[in-house]
Each structure stands twice: as C-alpha cells, then as structure tokens.
Amino acid sequence: FRYPKTTVATVFASVVAGTLIFVSLPQRMMPVAERDQFAIEIYLPQGNSLEATAAVCDSMERILRTDPRVKSVTAFVGESSPRFHIVYAPNMPSKAFGQFIVNTVSNRATEELLDEYTDRYAFHFPEAYVRFKQLDFQAVEAPVEIRLIGDDLEKLKQQGEKLTDYLASLEECLRVHTSFGEPLAGVKIKLDAMEAGRLGIQKAMVSTGIALGLTGSNITTLWEGDYAMPVYIRPENTKPVFDDVGNVTVSGILGASVPLRQIASVSPDWNEGQITHRNGRRTLTVLADVKRADRVNEVYKKLYDFMDTQFIPQLPDDVEFEYGGAPEVEAEVLVPILKGLAVSLVIIFLILVFHCRRLNRAALIMSSSLLAIFGAAFGVWVLGIDFSMTAMLGIVGLVGIIVRNGIIMFDYAEQLRTERGMNIREAAFEAGKRRMRPIFLTSAAASMGVLPMVMSQSLMWSPMGAIILFGTLFSMIFIVTVMPVAYWMIYRNEKLRIEN
C-alpha cells in the first residue's frame with residue numbers, strides 16, 4: 001500500500017514473464033506411455049528376402065537377450081504384432097519388415113534402453129534401419145510429416161526430394177523417407193504388334209507365358225472337406241534374373257512357340273514402390289523420426305523457416321502441401337480443450353456477475369486468474385517437463401481456485417464498507433490482513449494435495465500437479481498483497497463520492 005504503482009506493476013511484469021515462459025515451453029499434448037515395454041521395428045529395402053530380414057532380426061534379438069534389463073522378447077519376422085496398444089497400429093506384412101515386443105524390468109529400464117540403443121543400433125546393420133519405438137498416445141506414423149498433394153507424380157517426387165534432402169541435413173532427424181517407398185526394379189516389355197500378329201500371339205497369351213515361365217500359375221483348387229488346397233505349376237528356375245525374361249517361351253493360337261525376345265523388346269525399368277492416396281488424391285508424404293535427445297518443436301521451427309523462405313516460393317501451382325505428424329495431432333487435441341476452457345471461463349464469469357451484481361467487480365475478480373500465469377509457467381519450466389493436455393486441465397482447476405480466493409477477499413472488503421462504513425483504502429487493507437489466513441490455508445491445502453503427482457514424475461500427471469502446485473502458491477502471494485491494492489486503486493473515485 002505504500003508503493004501502489006510499483007505493486008501493480010509487479011503483477012503486470014509477472015504476467016508478461018509468465019507468458020514469455022509459456023511461449024518457450026516444449027509442448028506435447030499427448031504424453032508417452034509409461035510402460036515396462038517398448039517396440040522395435042526393423043526395415044530393410046523392398047525386395048530383400050525373408051532370410052535377410054530374419055538374419056538381422058536374429059542378431060538384434062541376441063543383443064537384447066544378453067541385457068539383464070530385458071525380461072522377454074517376442075519376435076515377428078515378415079509380419080507385425082497384433083494390436084497391443086491403443087494407438088500403435090500394426091504394419092502390413094512384408095518380407096523386408098520385422099518387429100519385436102520387448103518387456104523390461106521397469107519403466108526406468110525402458111527409458112535407459114531406448115536412450116542407449118537408439119543411437120547405437122539404429123544404423124548398426126547394413127541396409128537396415130532399426131527403429132526403437134516408445135509407446136505413446138500420439139497416433140502418428142512419424143513425428144515429422146509434410147504431405148504433398150497433386151496429380152503429377154514427377155512434380156510430387158521432385159518436391160519430395162527437396163524436403164527429403166533438407167530433413168536429412170538436420171542433425172535432429174534419424175530416418176527420412178517418403179510414403180512412396182523405395183523404387184522397385186522392374187521390366188518393361190514393348191510388344192511388336194506386327195510380329196506377334198503374324199504368329200498369332202495376343203497380349204493375354206504373353207502374360208500367361210510370363211507367369212508360367214517366371215512365377216508359376218494357379219491351375220486348379222482341390223478341396224479336402226471344407227479346406228481349399230490351391231494347386232500351382234511352378235517353374236524349374238525359382239530365382240530368375242533379368243535375362244531370363246527374354247527367354248520365356250510364349251505360344252500363339254497358331255501353335256507357334258517362340259522366345260519373348262523375338263516378338264517384344266525387353267528393357268530394365270524402375271517403378272514406384274507404392275503410390276499413396278489421401279482422401280482420394282495422390283499424396284506423397286515425407287516422414288522423419290527425431291532423435292530422443294531432441295525435441296520435435298525445434299525441428300519444426302527450422303522446417304517452418306525453410307518452407308517459408310525456400311520451399312513455398314518455388315512450389316508449383318498444381319502441388320499443395322500440408323503439415324501432419326505431431327503438430328496435427330496436438331491441434332486435434334488442443335482445439336477442443338481450448339473451446340472447453342473458454343466455455344468454462346464464460347460460465348465462471350456469469351456466476352460472478354450473478355453474485356456481485358456488478359460487471360466491473362466481476363471483471364476484477366475474474367482478472368485475478370491472470371495471477372496464475374507466472375506460477376503455472378514457472379512450475380512447468382523449473383521441473384523441465386512438457387506442457388501437455390493434463391496441464392491444460394490443471395489450468396482450468398487453478399482458475400477456479402484463484403477465483404474462489406478473489407471472492408473471499410473482495411466480499412469481505414465489501415462487507416467492511418457496507419456494514420462498518422470504512423472507506424475503500426481501509427476496507428482493502430483490512431481485507432488483505434483478515435483474509436490472508438483462510439486464503440493461505442485453502443491454497444496450501446490445494447497445493448499440497450497435488451504434491452504426490454509432482455513427486456511421482458509421471459509424464460501424464462506431473463504437468464497438472466506442477467500447474468496447480470506452483471500456480472496456487474504464487475497466486476496466493478499475489479492475491480493477498482496485490483489484489484487489495486488493485487481494488488483500492490480502481491475504486492478510489494467511488495471512495496471520494498462516499499466521503500463527500
């Protein structure tokens with residue numbers, strides 16, 4: 001009360017400082033799952049045999065089983081596990097893919113193994129990428145995703161290469177790839193229509209000849225009770241090479257049988273591994289994993305700068321782009337929570353208007369919720385945790401606590417003015433003195449009640465506990481020291497009218 005302007009300015013400074021801290025906080029709406037279990041995914045280039053994948057899986061499994069922190073390892077070679085976690089989707093079966101489910105002795109052991117093995121074994125095996133996946137609640141294929149949408153495949157691939165090269169140049173990124181996958185080697189066959197027609201050979205006969213000569217064909221199905229048993233004709237050469245394609249014998253309706261090279265030109269070719277679509281449109285997605293020691297937000301800051309300065313100005317008009325990955329999931333979670341928070345604040349304000357009967361007094365009590373900004377931000381920052389969905393829920397609860405303390409303070413000040421005839425300054429000063437103890441007791445009870453959540457270091461609940469703990473303590477100090485001064489300064493004119 002001796003230095004009212006300095007006191008109020010301190011509050012504004014705390015709000016600004018808290019806002020700046022909030023902006024710099026790492027954000028992750030959906031936390032990782034705290035489980036004594038994690039997954040490993042092993043990717044080899046398409047076209048590798050199942051034996052090559054099994055060799056890498058066997059080596060990785062032997063390494064894991066020698067670690068005393070590992071309890072068990074379940075391996076899936078050429079396929080993926082069934083869905084065992086709510087947002088961990090199984091992969092499509094592939095000869096070039098393997099997966100492990102690893103059970104550990106504790107949650108801490110899971111973190112230690114992931115930190116230790118990710119850098120050591122991610123690229124340990126030739127031509128294989130070993131992805132150590134901690135289970136979490138973010139349903140994303142990769143934390144960094146940029147989607148390129150258009151009809152021209154060549155333009156999509158050109159723009160995709162630019163993004164791939166840039167992300168690969170970042171130290172924070174591990175595996176950078178696209179949804180189209182690796183190009184696959186193929187064979188281009190151009191039929192000589194004149195020569196084929198002279199021998200009575202049609203396209204369907206060429207296709208049948210190639211299938212019989214290289215891969216085999218299903219000729220019939222035998223039934224054993226209710227079970228179907230397909231019967232195939234297999235070629236003698238089970239591992240054909242490129243030269244064998246031209247030597248395949250094809251027959252025509254006139255009885256002529258000739259090598260394929262006699263009626264067609266055979267040349268090597270490359271094809272897309274797959275062409276992905278999203279909402280019915282061709283979409284090439286560039287994906288990247290991020291090292292465990294680095295944060296996804298930092299990668300996106302660099303990516304946004306690259307997109308705005310170098311990529312978007314040169315993007316063709318018929319190619320669109322959009323961001324996916326972690327920011328997309330967080331936006332899907334954050335927007336509904338912000339809407340709920342806005343609705344709750346409106347309801348609280350309407351209750352205050354009904355209680356106070358005056359808009360300005362209700363607005364003053366409501367503005368006391370700003371006192372929580374610094375404490376809430378400081379709590380998350382000092383503990384070094386991410387701002388998550390539960391932290392948002394903690395803010396809702398914190399606002400309720402602060403508004404309640406404001407009501408306790410200002411109702412008593414109004415009572416002193418109306419029943420004892422005190423002026424504004426005396427009533428505000430006395431309310432700060434008399435309501436200090438009940439505000440302290442209720443705030444201390446609320447903050448100590450969430451202390452176990454903070455001490456547990458749970459990635460799910462410690463953000464909420466930190467918001468309520470530190471936000472309540474700091475706002476308690478501000479309410480009993482600053483809000484009486486603010487009440488006095490705002491209603492000084494009203495005091496003069498009463499005294500006159």
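Colleague: Which strand does strand β8 (residues 217-224) pair with, and in what sense?

Modeller: This is a predicted model, so treat each feature as a prediction. Strand β8 pairs with strand β9 (residues 227-233). The sense is antiparallel, over seven bridges. T220 stands opposite V231 in β9.

Colleague: How many residues lie between β8 and β9?

Modeller: Two residues lie between them, and the two strands form a hairpin. Look at G225 in the turn: its phi is positive, about 70°.

Colleague: Now a sheet. What is the strand order in the open sheet of four strands?

Modeller: The order is β2-β3-β1-β4, with antiparallel pairing. An edge strand pairs on one side only; here the edges are β2 (70-77) and β4 (129-133). Neighbouring strands are turned by 20° against each other on average, direction ignored.

Colleague: Which residue is the bridge partner of A75 in β3?

Modeller: The partner of A75 is F100. Seven bridges join β2 to strand β3 (residues 97-104), again in the antiparallel sense.

Colleague: Which helices lie across β1, β2, β3 and β4?

Modeller: Helix α2 (residues 50-65) is one of them, running at about 175° to β2.

Colleague: Next, the interior. How should I think about a core?

Modeller: In soluble globular proteins, nonpolar side chains tend to be buried together. In this model, the largest nonpolar core has 55 residues. Those with the most contacts inside it are F387, M409, F410, I467, I479 and Y487. Several helices each supply at least two residues, including α1 (4-24), α10 (325-356) and α17 (462-481).

Colleague: Which helix gives the most to this core?

Modeller: Helix α13 does, with 12 residues. Another core, of 26 residues, lies apart from it; V144, C173, V299 and L315 are among its members.

Colleague: What does F410 touch, leaving aside neighbours within four places in sequence?

Modeller: F410 is in contact with L364, I365, M483 and Y487. Two of those names come back in helix α18, where M483 and Y487 are among the buried residues.

Colleague: Why is helix α18 (residues 483-490) described as largely enclosed?

Modeller: Count its buried residues. Six of the eight are buried, so the rest of the structure largely encloses helix α18. Besides M483 and Y487, the buried residues include P484, V485, A486 and W488.

Colleague: Take a single residue. Is T390 buried or exposed?

Modeller: Buried means under 20% relative accessible area. T390 has 1%, so T390 is buried. T390 sits in helix α13 (residues 389-420). Beyond residues up to four places away in sequence, T390 touches M460, W461, P463 and M464.

Colleague: Let us step back. How many helices and strands are in the chain?

Modeller: The chain has 19 helices and 15 strands.

Colleague: What share of the 500 residues counts as buried?

Modeller: The buried share is 45%. The chain exposes about 26,800 Å², and carbon and sulfur atoms supply 58% of that area.

Key
Residues numbered from 1 in each chain as written. Predicted model: local features only at pLDDT ≥ 70, side-chain atom pairs only at ≥ 80, totals over all residues. Heavy atoms only, no water. Pairing = 2+ DSSP bridges. Axes fitted to C-alpha atoms, helices over the stretch in contact; angles between N-to-C directions. Contact = heavy atoms within 4.5 Å. Buried < 20%, exposed > 50% of the residue type's maximum accessible area, 1.4 Å probe, protein only. Core = buried A, V, L, I, M, F, W, Y, C linked by side-chain atoms within 4.5 Å. Areas by Shrake-Rupley, 256 points an atom, 1.4 Å probe, with all protein chains shown as cover.
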